Amino acid sequence: MMRELNVSLIIELVRSAGSISRAELARQSQLSAPTVGTIVDHLLVRGILVEVAIAPSNGGRPPVLLSIDPTAGYVIGIKLRGDGLTTVVCDLEAQIVATREFPVSLVGDSDVAIQTIASEAREVLRDAKVPRSKVLGVGIGLSGVIDSSAGVCVSSHLLQWHNVELESKLRRLMRLPVWIDNDVNTLAVAEKWSGDARGARHFVTLSIGRGIGMGIVIDRSLYRGAFGSSGEFGHIIVEPGGPRCECGRLGCLEAIVGEDSMRRQVGERLGREVTRDELISLVKAGDRVAQDVVQSAGAKLGLSVANVVTLLNPELLIICGEGTELGPTFTDPIIRAVREQTFASLGLKVDVKVQGWGDEAWAVGAATLVLRESFSHPGSDTRSLAIWHRVGA
Ligand SMILES: [Zn+2]
């Protein structure tokens, strides 16, 4: 067990450094040089680490640095939507090797989803030319209340699923370890693993679009709450007796500032139906009605976000999701509220980043669930096949 912990520590130090010398590994791990040497030799033989020579600045002998071989293992990530799924294969650096899109209605039918996930995973591995033996596991992100430790989708308004035992069914069918989580949480995990939040201790990801969600990271850990439903930010009530929300209650934030509500408001003022694509092009073309609706939705959303910032005091806020396609007309009022309606004036500054939109980013987030478990030492999760057990075994 001690040895496994040391191996785990060495792998994690190499991963976070990118490339590192044996001497630096010994210093950072506080292990003896011979112990580090033995572990490194073992990992080189297994193909998990590789030696890379870096050109020296002084013209002397090039120091040999160690890196993770990103092709030593692969992970599958899947993002479920109401109208289909995006599947990716990533290497150990979370770089995409192959992607697939499959349109199918998953609303109200989890059995279709389970069969489709299994077949898409098979196909994407074929596209990527990755053998099954090198796959560490499958990560799945979906909207809703997810009990990630039990692997159960407790409830999803979007998919209209209740108590679906997704993990156990898929594990039996695919014979691979499977992790599931709320899709906004998977994005937060990905940001922490290899994205903008790599060095951040306390941060939140705000996902905007049809749904409004939040991933909360406190002291480097994802905050899930008692039953896994933390971050259901779209369902805080901001207008008692207001418009009916998909969740059945009245006046939720999402029912007021979500994309469907913005489309409806613009449609009412223009006297016709407005599609999502039309809303985006109207805003970009400078249409006064569309800009007015989107700006005021941004300001209302921003006020709620500012309240969360006051409550949690994060160092970083990442705005992401399909709603970012509406551009600064939507995101600027959110950022302004965070600047003006919090203690920013007292020097409690929060860094704000807006990220571009893509279904692939969500699927990579889901894949990161597997990377995180694979790199952690055994015991953190009984399903975990730590990378040095799985790869080449
Ligand atoms: Zn609601």
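This note goes through the predicted model point by point, from the zinc site to the cores, the helix packing and some backbone details.

1. **Ground rules.** This is a predicted model, in which local features need pLDDT of at least 70, side-chain atom pairs count only at pLDDT 80 or more, and totals for chains, interfaces and linings use all residues. Residues are numbered from 1 along each chain as its sequence is written, and side-chain values use heavy atoms, with hydrogens and water left out.

2. **Zinc donors.** The zinc ion has the protein donors H235 (ND1), C245 (SG), C247 (SG) and C252 (SG). Donors here are N, O and S atoms within 2.8 Å of the metal (3.2 Å for Na, K and Ca); water is not among the atoms, so sites may look incomplete. Along the sequence the donor residues follow the spacing H-x9-C-x1-C-x4-C.

3. **Zinc geometry.** The arrangement is tetrahedral because the four donor atoms subtend angles of 104 to 121° around the zinc ion. The criterion is four donors with all angles between 85 and 135 degrees. For reference, the ideal angle for four tetrahedral donors is 109.5 degrees.

4. C245 counts as buried, at 7% relative accessibility. C247 counts as partly exposed, at 21%. Buried means under 20% relative accessible area, exposed over 50%, and partly exposed in between (1.4 Å probe, protein chains only).

5. **Largest nonpolar core.** This core has 42 residues, and I10, L25, L43 and F203 touch the most other members. Such a core is a set of buried Ala, Val, Leu, Ile, Met, Phe, Trp, Tyr and Cys residues joined through side-chain atoms within 4.5 Å. Elements that each supply at least two residues include α1 (2–17), α2 (22–29), α3 (33–45), β2 (64–68) and α12 (359–375). Helix α12 gives the most, with seven residues. Helices (H or I, at least four residues) and strands (E, at least two) are DSSP runs, numbered from the N terminus.

6. **I10 and the second core.** Leaving aside neighbours within four places in sequence, I10 is in contact with L25, S29, L31, V36, I39, V40 and L43. Contact means heavy atoms within 4.5 Å. A second, separate core has 34 residues, among them I280, V305, L326 and V352.

7. **α6 against α12.** The axes of these helices come within 8 Å and cross at roughly 65°. Axes are lines fitted to C-alpha atoms, for helices over the stretch in contact, and angles run from 0 to 180 degrees between N-to-C directions. The crossing of α6 past α12 is left-handed. That term applies if the near helix is turned anticlockwise from the far one by less than a right angle.

8. **T368.** This residue sits in helix α12. T368 is buried, with a relative accessible area of 0%. Beyond residues up to four places away in sequence, T368 touches V189, A190 and W193.

9. I114 is in helix α4 and counts as buried, at 6% relative accessibility. Not counting residues up to four places away in sequence, I114 touches L166, K169, L170 and L173. The C-alpha atoms of I114 and E167 are separated by 9.6 Å, although the two residues are 53 apart along the chain. In α5 (residues 166–174) the buried residues are L166, E167, S168, L170 and M174. They pack against α4, β6, β9 and β10.

10. **N182.** Strand β10 (residues 178–182) holds N182. N182 is buried, with a relative accessible area of 10%. Residues up to four places away in sequence aside, N182 touches L142, S143, G144, I146 and E232.

11. **Positive phi values.** Most residues other than glycine have a negative phi. K129 is not a glycine, yet has a positive phi of about 55°. K129 lies in the loop between α4 (110–128) and β6 (135–142) and is exposed, with a relative accessible area of 74%. Q160 also has a positive phi, near 55°. Q160 lies in the loop between β8 (152–156) and β9 (161–164) and counts as exposed at 52% relative accessibility. Just after α5, R175 takes a positive phi of about 50°.

Note on methods. Four donors count as tetrahedral if all angles lie between 85 and 135 degrees; four count as square planar and six as octahedral if opposite donors are over 155 degrees apart and all others between 65 and 115; anything else is irregular.
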